[in-house]
Amino acid sequence: MEDTKPQLLKVTIDGIDVEVEPGTTILQAARKIGPAVAPPAMCYYEPLKGSGGKCRACLVRVAAGSAKDPRPMPKLVASCLTAVQDGMIVENETNPQVIEARNGIVEFLLLNHPLDCPVCDQAGECDLQNFAFDHGKATTRYEEDRRTFEKQDIGPYIQLHMTRCILCYRCVYTADQITNKRVHGVLGRGDASEIGTYIEKAIDNDFSGNVIDVCPVGALTDKTYRFKNRVWFTKPVDAHRNCPTCSGKVTLWYRGEEVIRVTARKNEWNEVTEFICNTCRFDTKKTSDWSIEGPTKISRSSVISANKYRADTIKPSFGQRLAAAEYKEVPDERDTSQLGIKPLPPERFAKTLPSAMAPEP
Amino acid sequence: MATKILTQYIDVPGIETFDVYRKQGGYTAVEKAIKTMTPEAIVEEVKKAGVRGRGGAGFPMGMKWSFLAKPEGVPRYLVCNADESEPGTFKDHYLMKNLPHLLIEGMIISSFALGANKSFIYVRGELMYVIRILEKAIAEAKAKGFLGKNILGSGYDLELIVQPGGGAYICGEETALLESLEGKRGNPRNKPPFPAVKGLYQCPTVVNNVESIATTTWIVHNGGDAYAAIGIGRSTGTKLISASGHINKPGVYEIDLGVPVEDFIYADEWCGGIRPGHKFKALVAGGSSVPILPANLALTLENGDKRLMTYESLSEGGFKTGTMLGSGGFIVFDETSCIVRNTWNFSRFYHHESCGQCSPCREGTGWMEKVLHRIEYGHGHQQDIDLLVDVASKIEGNTICPLGDAAAWPVASAIRHFREEFQWHIDNPTEATQPGAVYRGEMALV
């Protein structure tokens, strides 16, 4: 009965079974199934050790702990940190308690967020925008002044806009794990905590630019790209070059013939696959410096593809929810009998909306 | 009837010095433990005693000790949590200030039982003078051979280190305490792994409250069964209660668990009743984070029985009509206290002390404080009460550590039991903001 292969664990997430290796977290298991059931993650970042557990956006309910001990877990758990057990049953979007908690998290995160998306460089590739689009409300119940911070100068390449920060700690872990010396960190406590360097020390490191890529919001932006364009007007192209310090594999963002931004390549979960150096990112902006590989595949949470909203960025469930919640019978007093138009019955509306949003063949 | 387990010799003059403490039978428990008992036997006695953690959560101490992982070649640590900062709780401060050697004796016994060769006492930074008392006591114990290398010739070494904290409430949470002790920012860790597996410097660690550790001295002397004979049911032994508020005799009292709340408030032995000419309005039974109860629910259970000072009886009825024993911070309010102002005050504390790591607590505590502030200062809206309930429910249970719950419970319970008072503040802002104005409507005063 000796089995050298690790036993695969069976997990059920929102009614879908998946088999994963021991040690996998619920979030990773859900991502294996696909975007439809993957919980949102604002602070968890797979390449960074120790990240996660802070934003609480990925809370899920464990309806059965394991096959051996099928008791449910008493509280919602952070799916990014909870390891799966064999026979675990997880409820994500199917549980109203989870949805309620997530709605709460969006509201909390947006309390002190400036909502300056129209002028924010991150807009269009912002995790918080996506999260708010899925779980947020159109209005706020918060009346007080929002928290603001004095602007801090942290060097020539990176713009810190602390007011937008949601304190995910990703940039702190990045600096800890991929640079040799971290000079920025979290200062202060509670809702007065802020990301900063001690007495405005400049961040000067070959890999410091990666904090821009990991930032889920527009708190850390590229000074060489600031206010130059909107991401959905730019065209991403995969390229590489022979770089002595990093892998040199990047995404170039074109506006016409001009490279206006260079970033690391990201996977479908918006996570950097290989970190790049500052020379590649900030100083190499000529097409002649790069070997072009081809257009970047854009999937999920992106408005960049084809410069318009792609249908599959919207979950079908969202359309159904919207249709169910927003549909109202509007009394129409006009006499349309002579025009030969029949009003669309509600169930027809609910059915056509998601299919109308489906990707074109 | 009250057994004095911890405070028996507290009034002896000079008890904080080694010689006087030794004369009262001090350190004989260490001698007994190290010379005649095995570590396993001590753990067994503590388990039998059924001591529940005195820091607030009430988790059985013996069980915590038996969860400690014991991998080969890895040091184990015992950390004493003396970062007592819950508003309304001041028992550990009292114990350490008056009986430093009792804690040190308990630390030696507990460290021996757990196999720790380096133990820490993490004291909140504001108590600098207590830290000096403890350090002096440690030096005395070391000089007499009860600490350091080869204690009492047994071959067991123990180093005891007193570490001052920076004065943050959050560092009383065990994993934040460990982070702080390691020299990092006091942010609570995600659990699991629990400290019993990966604690201080990633080694197995037990974190216990001052009072819990101090009880081990008595347990070694008298046995776990004798300890378990005191108290009622699963609430065994005695508990230090820090009584404060509108009572005649505020102070720290050691009670047998199982004393009725009514007796504790009105008996001359303890609080001595509500201050003359006033009536009992509300009670916070276990430190500011536990749900507040109106007088009638504080004294009697739903079925008409007397409510007792035990873990079970106080939490009878869940959060609907119950509360918690918590850390024993017993705050009594009479009818001159404004619940809205008090709730705002508690909320302000949690807002100030939130570490800011996870979003519900960081943003939610501040929001609740602002809404309570505007109700208290006459700018409340009709929907604010429901808003507070909703925000509290979205914080509760969704945070990394219990600070989120601790911030949500006082608000949710104050609204549950004193909703009319909040409503009165919103409806009559001019009247409610007069200096000293208090809601005088219908309520259950005793």
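Reader: I've got this predicted model open. How many residues of chain B are in contact with chain A?

Author: Contact here means C-beta atoms within 7 Å. By that test, 22 residues of chain B meet 26 residues of chain A.

Reader: Which elements of chain B give two or more residues to that side?

Author: Look at helix 15 (339–353), helix 16 (359–376) and helix 17 (384–395) of chain B. Helix 16 gives the most, with eight residues.

Reader: And how do the residues on that side of chain B divide into nonpolar, polar and charged?

Author: There are six nonpolar, eleven polar and five charged ones.

Reader: Let's zoom out. How many helices and strands does chain B have?

Author: Chain B has 19 helices and eleven strands. Its radius of gyration is 22 Å, close to the 22 Å that the globule rule gives for 446 residues, so chain B is as compact as a globular protein of that length. Along the principal axes, its C-alpha atoms fill a box of roughly 75 × 45 × 40 Å. Also, 57% of the 446 residues count as buried.

Reader: Over to chain A. Is helix 4 (residues 170–178) mostly covered or mostly open?

Author: Mostly covered: seven of the nine residues in helix 4 of chain A are buried. Those are A:R170, A:C171, A:V172, A:Y173, A:T174, A:A175 and A:I178.

Reader: What do the buried residues of that helix pack against?

Author: In chain A, they pack against strand 8 (184–187), strand 9 (194–197), helix 5 (210–214) and strand 10 (220–222).

Conventions. Residues numbered from 1 in each chain as written. Chains lettered and ligands numbered in written order. Predicted model: local features only at pLDDT ≥ 70, side-chain atom pairs only at ≥ 80, totals over all residues. Buried ≥ 20, exposed ≤ 12 C-beta atoms within 10 Å, placed from the backbone. Helix = DSSP H or I, 4+ residues; strand = E, 2+ residues; numbered from the N terminus. Contact = placed C-beta atoms within 7 Å. Rg over C-alpha atoms; globule rule 2.2 N^0.38 Å. Nonpolar A, V, L, I, M, F, W, Y, C, P; charged D, E, K, R; others polar.
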